[in-house]
Amino acid sequence: MKSRWDDAEAADFPGSLGERVYSSRLLGGDPSLVMHGGGNTSVKLRRTDLWQAEEDLLYVKVSGYDLATIDATGFTALRLAHLRALARLDRLSDAAMARELRVAAVDPDRPAPSVEAILHAVLPHRYVDHTHAGAALVLANTPSGEEHVHRAYGDLAIVVPYVRSGFELARLCARLANERLTEATIGLVLLNHGLVSFGETARECYERMIALVARAEDYLAEHGVDEPALAVSDPAGHRPPGRELAQLRGRISAAAGFPVIVRRDNDPLGVSFARRPDLETLSQAGPATPDHAIRTKRVPLLGRDVEGYAAAYRDYFQAYARRHPGPPLTMLDPAPRVVLDTALGLCTVGRAAADAEAAADIYKHTIELILRATELERWQPLPPEEIFAVEYWAAEQAKLKLDRQPPEFAGEVLVVTGAASGIGRACGAEFLARGAAVCGLDVNPGITGAFTGPDFLGVECDVTSADAVAAALESCALRFGGVDMLVLSAGIFPSSRRIGELGLDEWRRTFAVNTDACLLLMRLAAPFLELAPRGGRVVVVASKNVPAPGPGAAAYSASKAAVTQLARVAALEWGGAGIRVNTLHPNAVFDTGIWTDEVIAARAAQYGLTPAEYRTRNVLGVEVTSGDVAALAAAMCGATFAKTTGAQVPVDGGNDRVI
Ligand code: ZN
């Protein structure tokens with residue numbers, strides 16, 4: 001491990017707080033040091049208060065901020081004297097500590113500081129960094145952990161036995177620092193938890209952290225422990241595993257009591273670990289540090305016995321909840337967050353795609369640590385009661401915002417066609433805003449970047465090709481665990497042509513996209529839709545041309561009428577499997593790809609209207625947007641339409657030829 005400090009880069013972050021931001025980002029940018037909001041940093045500064053008196057403040061990371069992207073607003077200022085006085089108390093409950101940290105804040109409106117704020121305060125140095133460096137966790141998570149750590153660090157660091165984060169840890173660190181701090185000390189090793197470094201400048205503090213990590217790495221190298229070797233093998237086998245994953249997701253969602261995203265990881269590390277003969281011994285001992293249990297649960301599920309896992313989780317809860325001090329605890333859902341399966345490899349679970357990704361990152365890191373500890377000696381993490389204490393610690397649960405009402409489609413998956421533009425794109429945006437994971441298909445290569453973030457997967461796909469559609473659905477299933485909702489929006493609108501001039505080629509091309517592709521999507525998605533935790537839903541975007549065809553649009557009107565009939569038959573055939581199929585008939589939605597100015601002018605001319613009159617030519621006299629159509633599509637997939645199938649609903653401002 002090498003220092004990445006760069007004076008030229010650091011110059012862009014002037015001042016003591018600026019340098020604090022810069023070196024925090026250096027730490028946050030290295031996943032072997034911190035992951036997903038972990039770790040915290042601080043700087044002690046003297047400031048003048050409202051009465052011109054000087055006071056010493058601790059600027060410490062706000063809880064939940066990610067060090068990789070932190071800026072000055074990610075730190076909150078607390079009165080140092082108050083924090084140090086707290087460390088002298090004999091005990092302080094979690095609730096009392098949270099309150100005292102608010103009392104110590106210079107600005108009480110700022111969000112809560114890291115739970116390690118008091119630890120940062122009690123160390124005398126100006127800068128303090130705290131990470132969860134993997135190499136140090138490897139040493140500690142072995143039967144002779146403490147001995148390895150002492151031998152590796154000598155006088156360089158004070159070794160702190162494991163106690164839970166917060167007040168207890170701060171008080172212990174204050175006492176040990178008081179007793180053992182020497183000129184040679186550059187940090188603390190928090191056993192089974194991480195590292196703390198300190199220094200007078202941001203650079204000194206950061207480079208001491210790097211030195212502490214390097215010391216653990218050197219110790220491992222001296223003991224013949226290298227980077228874990230990977231047995232590379234074909235994870236998928238011959239059968240596409242998408243539907244198996246969807247079946248597993250159905251059972252995990254049932255155990256959780258809500259729909260979840262399940263993601264298969266394609267890193268060979270997960271597959272080779274899942275196939276190890278000693279997998280049970282290695283994987284069932286526990287996590288690298290108790291913090292991780294919030295994302296990964298204490299142990300992964302091996303194989304696919306979800307119900308057995310849930311029963312064991314209930315036993316674990318009952319065994320330790322009884323001994324837990326304070327008011328009675330409510331059990332978290334008993335579903336696994338990490339699955340290791342010989343065929344599927346490493347799969348991770350989350351309420352949203354980002355949670356499943358975080359669990360994957362953490363568990364892959366854990367696998368490396370387990371393998372290195374096994375080479376050194378044997379993987380022996382903290383016992384279950386310590387993991388339980390953190391898993392059920394109110395402050396830790398608050399990090400996951402468990403009390404927040406999840407969005408409407410949390411944990412559910414939408415596939416939408418024609419998603420690069422127009423109604424399809426609007427549907428993508430609408431369902432993402434309602435919490436769904438969205439897989440957007442489009443023949444336009446721009447689809448891959450149509451939306452950003454972990455909830456979106458864009459697949460370039462010609463929906464008239466059965467192979468391309470099957471491959472796209474498989475990618476979606478491997479990324480998110482299945483398909484719950486299907487919005488069929490891809491369509492073409494050929495230029496106006498009377499039947500006398502309508503060629504068979506144009507007729508067939510229109511049907512290929514507007515009708516045949518819908519059959520392919522529906523047929524190939526059905527095996528996934530029937531596994532949807534809340535029942536599958538299909539929305540067909542047809543047209544007002546179905547009930548009210550127009551001259552010059554024979555191919556379009558006929559293709560949309562055909563797909564409407566297809567949807568009605570699907571509603572009949574799939575009702576027994578709990579799949580709802582509804583059709584919406586938009587009209588005059590002009591913010592879409594097919595409505596060029598040329599097409600609008602041609603259509604308007606058919607009726608002897610100006611383009612402006614044509615746009616709002618409906619009973620309500622309003623313009624209908626693709627967003628209006630997307631909102632109806634989402635409603636059709638939601639609770640309002642829970643008991644509706646086979647319906648056709650217009651979204652057209654009212655059409656006097658149909659009402
Ligand atoms: Zn920590």
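**View 1. Contacts of Thr41 in a predicted model.** Leaving aside neighbours within four places in sequence, Thr41 is in contact with Arg20, Ser24, Leu27, Tyr59, Val60, Lys61, Leu67, Phe75, His120, Val128 and Asp129. The model shown here and in the views below is predicted. Thr41 sits in strand β1, which spans residues 40-48. Its relative accessible area is 0%. Buried means under 20%, so Thr41 counts as buried. One of its contact partners is Ser24. The side chains of Thr41 and Ser24 make a polar contact at 2.9 Å.

View 2. Three histidines supply the donor atoms: His130 (NE2), His132 (NE2) and His193 (NE2). These atoms lie 2.1 to 2.2 Å from the zinc ion. Along the sequence, the donor residues follow the spacing H-x1-H-x60-H. His130 and His193 link distant parts of the chain, being 63 residues apart. His130 belongs to strand β4 (residues 127-131). His193 lies in the loop between β6 (187-190) and β7 (194-199). Both His130 and His193 are buried.

**View 3. An open sheet of four strands.** The strand order is β8-β11-β10-β9, and the pairing is mixed. Strand β8 pairs with β11 (residues 345-350) in the antiparallel sense. Four bridges join β8 and β11. Arg263 stands opposite Thr348 of β11. Strands of a sheet pair through backbone hydrogen bonds, in either a parallel or an antiparallel sense.

View 4. Helix α10 is made of residues 242-256. Helix α10 lies across β8, β10 (338-341) and β11. Its direction runs at about 145° to β8. Helix α15 (residues 353-376) also packs on the sheet. Helix α15 touches β8, β10 and β11. The directions of α15 and β11 make an angle of about 140°.

**View 5. Domains along the protein chain.** The chain is divided into domain 1 (7-222), domain 2 (242-400), domain 3 (413-589 + 625-651) and domain 4 (595-623). Domain 3 is given as two segments, 413-589 and 625-651. The C-alpha centres of domain 1 and domain 4 lie 65 Å apart.

Note on methods
Residues numbered from 1 in each chain as written. Predicted model: local features only at pLDDT ≥ 70, side-chain atom pairs only at ≥ 80, totals over all residues. Heavy atoms only, no water. Pairing = 2+ DSSP bridges. Helix = DSSP H or I, 4+ residues; strand = E, 2+ residues; numbered from the N terminus. Contact = heavy atoms within 4.5 Å. Axes fitted to C-alpha atoms, helices over the stretch in contact; angles between N-to-C directions. Donors = N, O, S within 2.8 Å, 3.2 Å for Na, K, Ca; no water. Buried < 20%, exposed > 50% of the residue type's maximum accessible area, 1.4 Å probe, protein only. Domains from an automatic or database assignment. Polar contact = N/O pair within 3.5 Å; in protein donor to acceptor, adjacent residues only side chain to side chain.
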